[in-house]
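Reader: I would like to go through this model feature by feature. Please give the general idea first and then the case.

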Amino acid sequence: MKKTNPPLFGTGICNSTHSKRTIVSLINGLKSHIPASIHVVSGDQVSLDSFTGIVTEKGCIYLGGAAVSGASLYDVYRDYRAASFKNSETEKFLRTVIALIDASIKYRDVSGGFPILLLNSVYVTEDHSKITYLPFSLIDYLNTFYDDVTRQILYYPAMIDQASGEKSEKHSTGRGKMEKLVDEHLCSQILARLMYLFFTRNRRLDGTGMEQSAYDSRVYYLKTEIEDIPKALADTLWDIMHGKQIQLALLRETIASSATKKTELERAEKIPFSRRRNVVSFRAGMAGFFTRRWKVLLVILILFGVALYLLSDVMRSIRREDYTAGLAPRQVVELYFTAINTLDLNVLDAIYYKREGKQVKNELSTVFVMLKMESAFGKALVHPDELTEGEFDPQLHTVFGIRDLELGLIQDDAVPVFRARYVRVISSGEGLHETVIEETIQLQYIDDHWYITESERSILSEGLRMREDQ
């Protein structure tokens with residue numbers, strides 16, 4: 001008896017849609033992927049198979065050596081047109097999902113984990129008696145040759161970050177990140193996203209019949225999309241797609257109950273406010289805005305902080321506190337360095353006469369805003385004298401202050417002059433930027449107060465002291 005070869009598996013890539021160069025590249029890449037195992041679940045048995053060769057026929061690329069029965073989930077999706085829940089088409093789809101759950105468990109039993117599901121990597125026969133899982137690496141490679149709109153649909157169920165369970169926005173390929181098997185909870189999320197994709201298919205069709213993007217960060221409560229969907233199923237899918245861990249057994253039970261439920265409408269219930277369509281759209285829109293515009297918002301916050309400071313400065317100038325009343329010249333200079341150490345801009349304004357010291361005040365205003373922004377992200381503002389050797393941690397600390405202050409009087413007359421030498425320390429990346437400064441400070445007695453009327457600074461040396469573990 002003559003042996004017949006199994007039918008060829010079509011890749012969907014032909015010279016009518018792709019260039020000759022692309023097809024050559026595809027064939028070269030396929031050679032390393034076709035030996036991967038195909039899992040065929042039939043009844044209680046799981047058998048392994050694989051493709052053995054690449055065939056070019058009538059300008060199209062096919063894979064030979066293994067028979068793939070049934071239709072892909074992508075084919076089922078494209079044919080799905082149910083506008084309501086209570087119809088034979090939806091009932092058949094629910095039976096398909098139940099069959100996928102049962103097959104996934106059998107797959108897990110032989111491979112140690114649940115399969116990642118792409119719409120064109122799973123084939124199901126009409127009676128659900130046989131489910132074929134094509135190798136993820138093979139299908140993922142083939143998908144790189146498809147257009148972006150198609151990939152969005154093919155990858156939609158599997159677009160879950162496996163570490164956090166959240167949706168991933170990378171839908172072009174998943175090689176590397178998605179190669180490993182998933183656990184039961186992620187398998188539930190993949191199946192929930194598959195059902196959500198089908199149930200919202202008609203919503204994504206506009207008036208011209210052109211399908212809009214399948215990948216959308218918004219997850220709507222299905223009761224707002226399909227009025228007659230059982231509440232239990234809508235609630236379960238909502239919970240799963242918002243991160244709640246639900247076992248496959250419970251998901252299967254809910255689906256089976258929904259598929260066999262009588263057709264009378266459930267008692268109308270008020271949809272919770274947080275699940276209403278317009279609320280979901282608003283929240284997703286705001287989240288997208290903040291994600292895209294975070295740099296702009298950061299600049300706005302900084303400008304707002306500066307404006308608020310300037311406004312408060314104007315208000316304080318109306319009734320400014322008298323910080324220097326009764327102080328001697330040396331005490332005024334000591335108060336000046338205390339204000340620098342504590343970033344007290346009010347005291348600096350009071351110590352300098354009128355608009356003197358503008359450069360010093362502008363520098364400290366910049367440092368003040370910068371350090372306050374860092375403290376808003378959880379860093380503690382620390383004076384350099386409070387850190388022991390090697391204690392600085394750039395993830396926890398932001399450092400500013402002066403140390404090793406030496407202060408001397410160099411002119412003692414009607415216009416006293418002091419000379420100070422100190423080290424200014426400020427955190428910079430993974431280290432501490434240290435600057436040795438010498439400053440000459442002149443004071444005058446005006447309106448019964450000693451004021452700083454002039455200050456000149458010169459930098460003697462500067463450098464970056466790195467952490468000891470760098």
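Author: Begin with the whole chain. Of its 470 residues, 42% count as buried. The model is predicted.

Reader: How many helices and strands does the protein chain have?

Author: The protein chain has 13 helices and 13 strands.

Reader: What share of the contacts comes from residues 24 or more positions apart?

Author: Among contacts in the protein chain with a separation of 6 or more, 60% are between residues 24 or more positions apart.

Reader: Let us turn to single helices. Which residues of α1 are buried?

Author: The general idea is that an α-helix has 3.6 residues a turn, so residues three or four places apart point the same way. In helix α1, residues 20-30, the buried residues are I23, L26, G29 and L30. These residues lie on the same side of α1 because they cover an arc of only 130° around the axis.

Reader: Which residues on the other side of α1 are exposed?

Author: K20 and R21 are exposed there.

Reader: At what angle do α1 and α4 pack?

Author: For a helix pair, read the angle together with the distance between the axes. α1 and α4 pack at about 170°, and their axes are 11 Å apart. Angles over 145 degrees count as roughly antiparallel, and α1 and α4 are therefore roughly antiparallel to each other. S25, L26, G29 and L30 of α1 make the contact with L138, Y141 and L142 of α4. Of these, L26, G29 and L30 have already been named as buried in α1.

Reader: Stay with α4 for a moment. Is I139 buried or exposed?

Author: I139, found in helix α4, has 1% relative accessibility and counts as buried. Leaving out residues up to four places away in sequence, I139 touches L118, N120, S121 and L134. L118 is 21 residues from I139 along the chain, and the C-alpha atoms of the two are separated by 8.1 Å.

Reader: Where is V55 found, and what does V55 touch?

Author: With 29% relative accessibility, V55 counts as partly exposed. Apart from residues up to four places away in sequence, V55 touches L8, C60, I61 and Y62.

Reader: How do α7 and α8 cross?

Author: The axes of helix α7 (residues 231-241) and α8 come within 9 Å, and they cross at roughly 150°. α7 and α8 are therefore roughly antiparallel to each other. Here too the crossing is left-handed. A232, L233, T236, L237 and I240 of α7 make the contact with L251, T254, I255 and S258 of α8. L251 and I255 also meet residues of α3.

Reader: Backbone angles next. Which value does phi of L343 take?

Author: Phi of L343 is near 55°, a positive value. L343 lies in the loop between α11 (329-342) and α12 (345-351), and is buried, with a relative accessible area of 9%. Phi of H128 is also positive, near 65°, and H128 is found in the loop between β7 (122-124) and β8 (130-133).

Reader: Last, a strand residue. What does T453 touch?

Author: T453 lies in strand β13, residues 449-466. Its relative accessible area is 11%, and T453 is buried because the cut-off is under 20%. Beyond residues up to four places away in sequence, T453 touches Y353, E356, Q442, L443, Q444 and I446.

How values were computed
Residues numbered from 1 in each chain as written. Predicted model: local features only at pLDDT ≥ 70, side-chain atom pairs only at ≥ 80, totals over all residues. Heavy atoms only, no water. Buried < 20%, exposed > 50% of the residue type's maximum accessible area, 1.4 Å probe, protein only. Helix = DSSP H or I, 4+ residues; strand = E, 2+ residues; numbered from the N terminus. Arc of directions from axis to C-beta. Contact = heavy atoms within 4.5 Å. Axes fitted to C-alpha atoms, helices over the stretch in contact; angles between N-to-C directions. Parallel < 35°, antiparallel > 145°, perpendicular 65-115°, else oblique. Left-handed = near helix turned anticlockwise from the far one by under 90°.
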